[in-house]
Amino acid sequence: GLKTLHLGSCVITTNLHGIRSGFSEIRDSVQAKDEIIDIRILRKTQSLQGTKPADRCCLLHHILRLYLDRVFKNYQPPDHHIFRKVSRLANSLLTIKKDLRLCHAHMSCPCGEEAAEKYSQILSHFEELPPQAAVVKALGELDILLQWLEEA
Amino acid sequence: HIAEDTSDLLQHVKFQSSNFENILTWDGRPESAPDAVYSVQYKTYGEGEWLEKEGCQRITRKSCNLTVETGNLTELYYARVTATDGTGRSATKTTDRFNSLQHTIIKPPDVTCIPKVRSIQMIVHPSYTPIRARNGHQLTLENIFQGLLYRLKLRINHTYQMDLEGKQREFEFVGLTPDTEFLGTIMICIPNLFKESAPYVCQVKTLPDRTWT
């Protein structure tokens, strides 16, 4: 079923169950391509649930933009099956991002200092890696992002 | 210099997890390396250091219990095994990324099936896990999975079956024929994580109706 996400005063519903199902089908093969296991992009210290509610919408909006503009766009799927699954995941995250933009339009997605600080840390973890390795690692960490959404 | 092929020393290094008991297992071809010994390390994903698992250094068995070391439900882990044979040849293999919440398999529940004259009561007992809360209490599957529910079926005959489902632990199939054999199956389901246990099966006969008719 649908899950309601309470991101401060921004409340949206999303098919987290479907997204998790889609990702679980490709998780092991995507993660197996991530050979840099000493580094993690989405770290606990920047988690959504560890962020004050008012800043969660903005932080999530920035993370989704990172995924849509720099991860999905640059990911090179090894086969058509994974390509289809990744495309579906991208569309699902795009739907969430559109909902967050509506919140933004209704002034319920403020960007405070905490969101800006945490997103810049996530971005630096992403950018300290070689581009393609960063893309593969970020995609493999979608289960972490989904866990954050589950707990938000 | 041609790298020596040591793949025969070590294969299929993986976690096997059920009800959060996380066992690392592997294979090695005994005929080619009868005297091989194995050493296990583990680490948290995103950290640099590999940690040695005490009690699994230079062992000859092909499994190692990493339940405690990989017990944080929201953490992601790796483990690796190094095999060394008598001639000094060695091989190291690493698992896939492991998270017990995602990867653990759910064991069938423990159930008591109680036959009565026109009903069968089924009492599901809690499934304890090795995971402990901060206060030291052992957690059950119900504590860990908010969405956990039980799915029960009672086969009446070849064409007819009764179904019950819920989060409670006591169920009763009613309106049954006395002195008749029934087959009951009970499964644990965690829909949001696509987990379902194998069924617990109980074959039970309702009691004869001794009331005067």
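Mentor: A salt bridge, as the term is used here, is a side-chain nitrogen of Lys or Arg within 4 Å of a carboxyl oxygen of Asp or Glu. The model is a predicted one, and in it A:Asp34 forms such a bridge with B:Arg97, with 2.7 Å between the closest N and O atoms. Between chain B and chain A the count is four salt bridges, and 14 residue pairs, both at pLDDT 80 or more, are in polar contact across the interface.

As for extent, the contact takes 20 residues from chain B and 23 residues from chain A, and the two chains bury about 1,700 Å² between them, 47% of it on carbon and sulfur atoms. In chain B, the residues that lose the most area to chain A are B:Tyr45, B:Arg97 and B:Phe194, which together make up 34% of what that side buries; B:Arg97 is also the residue that pairs with A:Asp34.

A:Leu7 touches, among others, A:Ile12, A:Leu48, A:Leu60, A:Leu100 and A:Ala152.

Helix H7 of chain A deserves a separate word: eight of its ten residues are buried, so the helix is largely enclosed by the rest of the structure. The buried residues include A:Leu142, A:Asp143, A:Gln147 and A:Trp148. A:Glu150 counts as partly exposed, at 24% relative accessibility, whereas A:Arg20 is buried, with a relative accessible area of 7%. A:Arg20 and A:Glu150 form a salt bridge, their closest N and O atoms being 3.1 Å apart; A:Arg20 lies in helix H1 of chain A and A:Glu150 in helix H7 of chain A, so the pair ties together parts that are 130 residues apart in sequence.

Within chain B, the side chains of B:Glu172 and B:Lys116 meet in a salt bridge (3.6 Å, N to O), with B:Glu172 in strand S14 and B:Lys116 in the loop between strand S8 and strand S9, 56 residues apart.

Notes
Residues are numbered from 1 along each chain as its sequence is written. Chains are lettered from A and ligands numbered from 1 in the order in which they are written. This is a predicted model: local features need pLDDT of at least 70, side-chain atom pairs count only at pLDDT 80 or more; totals for chains, interfaces and linings use all residues. Side-chain values use heavy atoms; hydrogens and water are left out. Contact means heavy atoms within 4.5 Å. Buried area is the accessible area (1.4 Å probe) that two parts lose on being put together, summed over both. A polar contact is a pair of N or O atoms within 3.5 Å; within protein, one must be able to donate a hydrogen and the other to accept it, and residues adjacent in sequence count only if both atoms are side-chain atoms. Buried means under 20% relative accessible area, exposed over 50%, partly exposed in between (1.4 Å probe, protein chains only). Helices (H or I, at least four residues) and strands (E, at least two) are DSSP runs, numbered from the N terminus. Lists of a residue's contacts leave out its neighbours within four places in sequence.
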